[in-house]
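User: Please examine the following structure and answer a series of questions about it.

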Amino acid sequence: MSSVSQQSDVLAPRYDLGGTTPYDDYIRASALAGLQQTRTDDPGEMAFLVTSQVMELWFKLLVHEWQTAGAALRDDDLPTAMTALGRSLDELQALNASWLPLARLTPTQFNAYRPALGDGSGFQSAMYRRLEFVLGERSASMLVPHAGTPGMQAELKQALGEPSLYDEVLRLLHRRGYPIPQAVLDRDLAQRYAGDPAVEQIWAEIYAAPEREPELVRLGETLTDVAEAIWRWRGDHLMATRRAMGAKVGTGGSSGVAWLAKRADALIFPELWTARSRV
Ligand code: HEM
Ligand SMILES: N[C@@H](CC(=O)c1ccccc1NC=O)C(=O)O
């Protein structure tokens, strides 16, 4: 019998690193571990704080993936775009799984630390807004809550003027000869894109003959997967909120569940959904 543990040449890791910690130099784990400052003695608050921070990190990574995908589409490099989009689907699954520690909060449990949140609200998350902007969900009014952090606001403002991931998809379709209306190509990038019947028809045609442009069907389906995962994140957020605080007013000043329900209803990349009725 030979198992790895019985081999005499098994090396233990280095213990003496000569006064440096290369892991920490790269991962910055000690800096990260210094960022969990709770405001109450309630043992449940840490789960709220860490889950929110974990989600912020996933938001950041997703923005990175979709920026990578957008830049690759601009270069007509579909393989690089698809690889980044594929990674983002796995990351979205992990993001959505991170609702679990908050999904069953009772109002009593949430109330134990809710007052310590003050006027803070996820509505004020700049990284979430950045994520929505890169997907094409955008409006200038969403810059207003970030006036208190001028650096973040400037970054968001710049993002508002850049093509979204979906804009890059439409431009790619245009370069491939699909008749994307000029008004769609020239539209004000700072506004939310509500969809266009001509673009809907183009997707319907791509889907109706999948053997003609299989990689465009795969792109459409991967974007649909992204849209569905975002819809799930919003739905899970809505249900966690409903369980934790019922119909109370939100710390951000909204009517809470009723406001979230309205936002959770909308689907991103609308034409990829409406086109299905035409195939
Ligand atoms: C028990 C847990 C949570 C509750 C009860 C809750 C509640 C709410 C409520 C009521 C709103 C509406 C705005 C307001 O008036 O405050 C909101 C918005 C928001 N929350 Fe949460 N939330 C929870 C957890 C989280 C977590 C973990 C995140 C992740 C960072 C998050 C991110 C957001 C975002 C991004 C918005 C704005 C959504 C939009 O603009 O459409 N929330 N939340
Ligand atoms: N809007 C929530 C509180 C909330 O979600 C929150 C508050 C402060 C900091 C972060 C929060 N949520 C998620 O990031 C509430 O009304 O209780």
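User: Is T251 buried, exposed or partly exposed?

Analyst: A residue is called buried if 20 or more other C-beta atoms, placed from the backbone, lie within 10 Å of its own, exposed if 12 or fewer, and partly exposed in between. T251 has 18 C-beta neighbours inside 10 Å, and therefore counts as partly exposed.

User: What is the basis of this model, and what is the mean pLDDT of the protein?

Analyst: This is a predicted model, in which local features need pLDDT of at least 70, side-chain atom pairs count only at pLDDT 80 or more, and totals for chains, interfaces and linings use all residues. Residues are numbered from 1 along each chain as its sequence is written, while chains are lettered from A and ligands numbered from 1 in the order in which they are written. The model scores ipTM 0.98 and pTM 0.96. For pLDDT, the predictor's confidence in each residue from 0 to 100, 97% of residues reach 70 or more, and the mean is 96.

User: Where does T251 lie, and which residues does T251 touch, not counting residues up to four places away in sequence?

Analyst: Helices are DSSP runs (H or I, at least four residues), numbered from the N terminus. T251 lies in the loop between helix 11 and helix 12. Taking contact as C-beta atoms, placed from the backbone, within 7 Å, and leaving out residues up to four places away in sequence, T251 touches L117, D119, G120 and S121.

User: Which residues does UniProt list for "binding site", and what is their largest C-alpha distance?

Analyst: The unreviewed UniProt entry lists R114 and T251 under this heading; such annotations may be inferred rather than shown by experiment. R114 is in the loop between helix 5 (107-111) and helix 6, and is partly exposed because it has 19 C-beta neighbours inside 10 Å. Although the listed residues are spread over 138 residues of sequence, they cluster in space, with a largest C-alpha distance of 8.8 Å.

User: Which residues are around ligand 2?

Analyst: A residue is counted here if its C-beta atom, placed from the backbone, lies within 6 Å of the molecule. By class, this shell has two nonpolar, seven polar and one charged residues, where Ala, Val, Leu, Ile, Met, Phe, Trp, Tyr, Cys and Pro count as nonpolar, Asp, Glu, Lys and Arg as charged, and the others, Gly among them, as polar. The residues are S52, R114, L117, G120, S121, G122, M245, G250, T251 and G252.

User: Which helix gives the most residues to the shell around ligand 1?

Analyst: Of the 26 residues around ligand 1, S121, G122, G250, G252 and S254 come nearest. The elements giving two or more residues are helix 3 (45-74), helix 11 (214-245) and helix 12 (257-265). With five residues, the largest contribution is that of helix 11.

User: How far apart in space are Y128 and K60, C-alpha to C-alpha?

Analyst: Y128 is in helix 6 and touches F59 and G122, not counting residues up to four places away in sequence. In sequence, Y128 and K60 are 68 residues apart; in space, their C-alpha to C-alpha distance is 8.2 Å.

Note on methods
Two residues are in contact if their C-beta atoms, placed from the backbone, lie within 7 Å.
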